[in-house]
Amino acid sequence: MTDSQRPAADIPPNSWEFETRPLIKPTGFREYDARWWFGHPGSDKAPELNLYGVQALGLGLGTLMHELGVAPHIVTGHDFRSYSLSVKQALEVGLMQSGVTVHDIGLALSPMAYFAQFDLDIPAVAMVTASHNSNGWTGVKMGVERPLTFGPDEMSRLKAIVLDGLGKARAGGGYVRADGVRERYIADLVGGFKAKRKLKVVAACGNGTAGAFAPQALEAMGVEVVALDCELDHTFPKYNPNPEDMKMLHVLAEAVREHKADVGLAFDGDGDRCGVVDNEGEEIFADKVGLMLARDLSAEHKGATFVVDVKSTGLYATDPVLKANGAKTDYFKTGHSYIKRRSHKLGALAGFEKSGHFFLQPPVGKGYDCGLTAARCVLAMLDNNPDSSMADLKRALPVSYGSPTMSPACADEVKYDVVERIIASFEDKKAKGETVAGRAIVDVNTVNGVRFTFADGAWGLIRASSNTPNLVVVVESLASKEDVSAIFAAIKQELAKYPEVGAFDQEI
């Protein structure tokens, strides 16, 4: 590979070099996904990736597949953004250049791409999506061992192959357009389920890709659907399709109250996450939804194991219903790839992430994260409790008060170093007996950032985001909303010591 073909980390747009040389910013290779700012007309932020860079990524991915001894066939799909088809086709050119045959399923949800690995009996997947990121972002979710996606080891090797120009061209690549996968995916996730109760469901899709799937799938499950922002519009004119974004949840809550619906379901940009609003128009954070589903599933599957991420409520470990059903809970690193792999390794019945990823393992699901499969489980839970509303099921949980996921800005280049210093600060506070929000810290968990816990069970979490230039902050208290605010204020006071940390995307 010549120097002109080797990816560069920084090339000015609207230049000869931008049109002739691959651009790939190294920070786009994240812990388990690849994600870059691609840009869009009118954006004033310089691109971190160009189409030749995407082609180099495809060549590198195909080279890694050969290196790992994976059969040279891969499923490709793309989400609904103005540039995603172009990005996917550039990726496919690189994959074909590497000697891999691509099986293009077209416009898709990420779980549809994962399903296609089973449906078409193909080992690998490359789904072009920026998930819930704002317009202008792009990325790729990849895997070579269904139903799993890449972890840090695979991403590190891919990064080295691509950036060091080690991609190897081979003969034998090809292209197949695979039709009918969407219809088979919807039929598979519905799985013959028909709601016995008469249920009205508001489905919010934020004008993202899920709008082409959710209304049809939910109607096939036998419920009345009120479609909210399900028209495809890649400018996302009202709000980002992100079930953790309070703006999306508030719009959904208003629609649930207006239509007197039984439940509101919010789906993110690539359909692998699901958010829930109850029949009274109250948002239920996804970790609590997971706890409700764990209660329901463990009643039928006694002794089941559940995996949850460190952002999730501490109630999983203490819930009396789960204990009575013999259920076990394993807390692990945040990240869809981590929880998916951990659930697979432990043979867990399900994995839950506070961000709204639900990993339903056989016999409930196929092991990958699918927002519509999670929605089916929510409807089944309501069927299994015919005398209870969604709000009733929420009120039946032990009481705790949680914050939304909040993300202060912090550049990719420095965020992990900042978190290491924050970890050291909280470990020092614990060692010296210093108080935070008026209480001493009794435990510091550093499996993923720092989760500090007080004697009364309240806790706060600070970690680096795996996919965006942010930190992540979550708080839970068993006492009150005011206590949540007090712990959050203490965290903000700590973060103010670090000039690298910027403004929050949302606050309590």
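Ala-204 stands opposite Leu-228 in strand 8. Strand 7 (residues 200–204) and strand 8 pair in the parallel sense over five bridges; two strands pair if DSSP finds at least two bridges between them. Helices (H or I, at least four residues) and strands (E, at least two) are DSSP runs, numbered from the N terminus.

This is a predicted model, in which local features need pLDDT of at least 70, side-chain atom pairs count only at pLDDT 80 or more, and totals for chains, interfaces and linings use all residues. Residues are numbered from 1 along each chain as its sequence is written, and side-chain values use heavy atoms, with hydrogens and water left out.

The open sheet has five strands in the order 8-7-9-10-11, with mixed pairing. Strand 8 (224–228) and strand 11 (283–284) are at the edges, each with a single partner strand, so one side of each has no neighbour in the sheet.

Now strand 5. Seven of its seven residues are buried (under 20% relative accessible area, 1.4 Å probe, protein chains only). Trp-137, Gly-139, Lys-141 and Gly-143 point one way, while Thr-138, Val-140 and Met-142 point the other way.

| Partner of strand 5 | Sense | Bridges |
|---|---|---|
| Strand 1 | antiparallel | four |
| Strand 4 (residues 124–128) | antiparallel | four |

Trp-36 stands opposite Thr-138 in strand 5. Met-127 has Lys-141 as its bridge partner there.

Which residues of helix 5 are buried? They are Met-155, Leu-158, Ile-161, Val-162 and Leu-163. These residues pack against strand 1 (34–37), helix 2 (51–68) and strand 5 (137–143), where contact means heavy atoms within 4.5 Å. Just after helix 5, Gly-165 takes a positive phi of about 70°.

Technical notes
Buried < 20%, exposed > 50% of the residue type's maximum accessible area, 1.4 Å probe, protein only.
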